[in-house]
Protein chains: 2
Amino acid sequence: MDLDQRIKDKMMKNNIRPSMPRTRIYKYLLEHRNHPTVDTIYKALQSELFSLSKTTVYNTLALFTDKGLVRAIGIEDKELRYDADLHTHGHFKCVKCHAIFDFELDLDTINLQGLSQFIAEDYHLNVKGVCRNCQEV
Amino acid sequence: MDLDQRIKDKMMKNNIRPSMPRTRIYKYLLEHRNHPTVDTIYKALQSELFSLSKTTVYNTLALFTDKGLVRAIGIEDKELRYDADLHTHGHFKCVKCHAIFDFELDLDTINLQGLSQFIAEDYHLNVKGVCRNCQEV
DNA sequence: TTCGTTTTTTGTAACGATTACAAATGTAGA
DNA sequence: TCTACATTTGTAATCGTTACAAAAAACGAA
Ligand SMILES: [Mn+2]
Ligand SMILES: [Mn+2]
Ligand SMILES: [Zn+2]
Ligand SMILES: [Zn+2]
């Protein structure tokens, strides 16, 4: 089964009608793991979806987030970024070059008894600092 | 030494001139550990600082954050919240009542070798879910 | 104190990501 | 085809935040 078909199946399994804008947006997120913004996605897809509206990108990402297909990453001050990689991992933002990196994270090693009175549904470990490239100077 | 004097000393130690708006804003944050927003701080201090401008609150919080007196908490979608509690702890946001709670967190227990190639300066563990109050229903 | 310089505060305008909304378009089933 | 519903679109509005320059306050030398 090819990628496009798998994307459609995945969407239908989550009660999302696989319209053209939706499948393209999801495919873009699967193929671009650099946590793109709404505007990045919008600009990238304009050439293939001429009538695409930015509102559709917003609507679609809200739908995907709600259905659990993607995660919204709130590590920037201003705009949200989106991630189709659902495996447990943290995000590191370089304060110099502003790039956002994934890093591996084992939630099981964390002592989270401070959370015992809560029902935790969603974990976001955001770290800021200096990436390897920006350390050389 | 009384609280006001300790606040002034703390600010001067960090190269912040202890003006009236600054000392009041810092005092407010020390006495209100519920992660207030800019608007909350602004409205609360209006009665004692008649000419206070919201821009001053923004400027002051940016200065405090830069100097390391407070931390900006980006757990909300829209607005930042501010925290004068600098001890290592995580933040939990209840998706039902929208309250933000602190929880204890031992960074040493976390396996962070995924971060080994980065110089990490700032950790934010933000968790979303349902708080104890909102679980009863 | 007085004068000139620097810092701080203030009000207003601008910015920009996001959302609200209703019209237009597309889709599926009878 | 017809009709009800879902999706997409463009525009306007929202709202937290920032830019900017003027006003006010604090400072330091003479
Ligand atoms: Mn990621
Ligand atoms: Mn806190
Ligand atoms: Zn970097
Ligand atoms: Zn709650």
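In the predicted model, Tyr123(A) stands opposite Val127(B), a residue of β5(B). The two strands concerned, β5 (residues 119–130) of chain A and β5(B), pair in the antiparallel sense over 11 bridges.

This pairing forms part of a contact that takes 30 residues from chain A and 30 residues from chain B. The size of an interface is often given as the accessible area lost when the parts come together. Here, chain A and chain B bury about 2,700 Å² between them, and carbon and sulfur atoms account for 63% of that area. Between the chains, 10 residue pairs are in polar contact, whereas the count of salt bridges is 0. On the side of chain B that touches chain A, two or more residues come from each of β4 (100–104), β5 (119–130) and α5 (132–135) of chain B. The greatest contribution to that side is made by β5(B), with 12 residues. By class, this side of chain B comprises 16 nonpolar, 9 polar and 5 charged residues.

Both chains also lie near DNA strand C. Among the DNA atoms within 4 Å of the protein, 79% belong to sugar or phosphate and the rest to bases. Polar side-chain atoms approach phosphate oxygens of DNA strand C at 2.9 Å from Tyr58(A) and at 2.2 Å from Ser19(B). A base oxygen of DNA strand C, in turn, lies 3.3 Å from a polar side-chain atom of Thr55(B).

How values were computed: Residues numbered from 1 in each chain as written. Chains lettered and ligands numbered in written order. Predicted model: local features only at pLDDT ≥ 70, side-chain atom pairs only at ≥ 80, totals over all residues. Heavy atoms only, no water. Near = heavy atom within 4 Å. Polar contact = N/O pair within 3.5 Å; in protein donor to acceptor, adjacent residues only side chain to side chain. Contact = heavy atoms within 4.5 Å. Buried area = accessible area lost by both parts, 1.4 Å probe. Salt bridge = Lys/Arg side-chain N within 4 Å of Asp/Glu carboxyl O. Helix = DSSP H or I, 4+ residues; strand = E, 2+ residues; numbered from the N terminus. Nonpolar A, V, L, I, M, F, W, Y, C, P; charged D, E, K, R; others polar. Pairing = 2+ DSSP bridges.
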